[in-house]
Amino acid sequence: MNWVRELRRLLKEARGKRTDDPDGLEGGLTCQEAADHLQEWLDSELDEEMAARVGVHLETCARCYPRLAFERAFREAVERAARAEKAPPDLKARVLQALESEGYREE
Amino acid sequence: MSPPTDAERTFREEVLPEIDAIYRFALRLAGSPAEAQDLVQETFLRAWKNRDAYTPGTRARSWLFTICRNVFLRGEERRRRHEEIVREQSGQAAGASEAATGDGEPDHAVFMAVKDRDPEGTFWAGVVDERILAAIDGLPGDFREVVVLSDLEGLSYREVAQVVGVPEGTVKSRLFRGRQILKKELHEVALEAGLLDRDAPEPRTSEGGEP
């Protein structure tokens, strides 16, 4: 029964490729592979090809998208908190004064 | 009065405008506004004295971060005790490191804890600035500086590596680990603030589509 053996072989092969995500393989990546690159992707540290694949996966995979949105929301909150801070105006004046005593000249 | 030299003009146009970024970095390094202001002043004085070492058109900010960090580290003896504590903490944290992402990894922990209640993390936006900055200040020093340079000031791994003087791989692992610690801390803050319902039963409705 050759076709039975063939079917078994095909099933075995398919099982080997199966991803966590039944819709899966957006961008040619498994969910796990996409998750492994999430941080670097958001940091813009992946090469162009990988960045495109990870981007497609994260933006379109129903399982992974919340994870991406979650991470973005976290980073936005951290950035917002940091941007709120500016050097006090009298510090600028103080630094200029110190520099002038070392020969710096305002125009 | 002689006209300004090129180095002077560059200093005025490229270096001085970075004072806000340097102040933010100094504040996170030093911990108090008074110390941060001294640190900023010393940083710009040293930058001015070494102005010929700066190449116009390169990232003045990275150059200043490096100077600022060196000035800070030189004052280290004065706060040796504080630094000892920091190093102890980073030792502990490093033991739990080897950070990547993925199931079961700590990076996943907070997401997994809230995914049924707030899968897209809208609660993060409700955490007040002061608590976020306090959590950053509470990070062990090694982690804090890479998180600040990367997440607050937008430097690339390579730029952070140059400022801190460690390989890019080290930057990456410290950064990922630092973010994990931050997430855990701020998740606690969010629970305390009632931004997430601590004891909410995990909803298991058919809406979620999960079997």
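Helices (H or I, at least four residues) and strands (E, at least two) are DSSP runs, numbered from the N terminus.

Ground rules, noted before going on. Residues are numbered from 1 along each chain as its sequence is written, and chains are lettered from A and ligands numbered from 1 in the order in which they are written. This is a predicted model: local features need pLDDT of at least 70, side-chain atom pairs count only at pLDDT 80 or more, and totals for chains, interfaces and linings use all residues.

**Confidence.** I read a mean pLDDT of 82 for chain A, with 77% of the residues at least 70. Residues 11-21 of chain A stay under 50. For that stretch the model has 10 contacts beyond four places in sequence. Two residues are in contact if their C-beta atoms, placed from the backbone, lie within 7 Å.

**Chain A against chain B.** I looked up both sides: 34 residues of chain A touch 34 residues of chain B. On the chain A side, the elements giving two or more residues are H2 (31-36), H3 (38-42), H5 (65-83) and H6 (89-100). H5(A) gives the most, with 13 residues. By class I noted 18 nonpolar, two polar and 14 charged residues on this side. Nonpolar covers Ala, Val, Leu, Ile, Met, Phe, Trp, Tyr, Cys and Pro; charged covers Asp, Glu, Lys and Arg; the others, Gly among them, are polar.

**Domains of chain B.** The assignment gives domain 1 (6-79) and domain 2 (98-198); such bounds come from an automatic or database domain assignment. Their C-alpha centres lie 25 Å apart. Each domain puts 12 residues into the contact. From domain 1, H2 (19-30) and H4 (60-74) of chain B each give two or more.

**H2(B) on H8(B).** I followed H2(B) to helix H8 (residues 141-152) of chain B. They pack at about 155 degrees, axes 10 Å apart. Axes are lines fitted to C-alpha atoms, for helices over the stretch in contact, and angles run from 0 to 180 degrees between N-to-C directions. The pair is therefore roughly antiparallel (over 145 degrees). B:Arg24, B:Phe25, B:Arg28 and B:Leu29 meet B:Arg144, B:Glu145, B:Val148 and B:Leu152.

Notes. Angles under 35 degrees count as roughly parallel, over 145 as roughly antiparallel, 65 to 115 as roughly perpendicular and the rest as oblique. pLDDT is the predictor's confidence in each residue, from 0 to 100.
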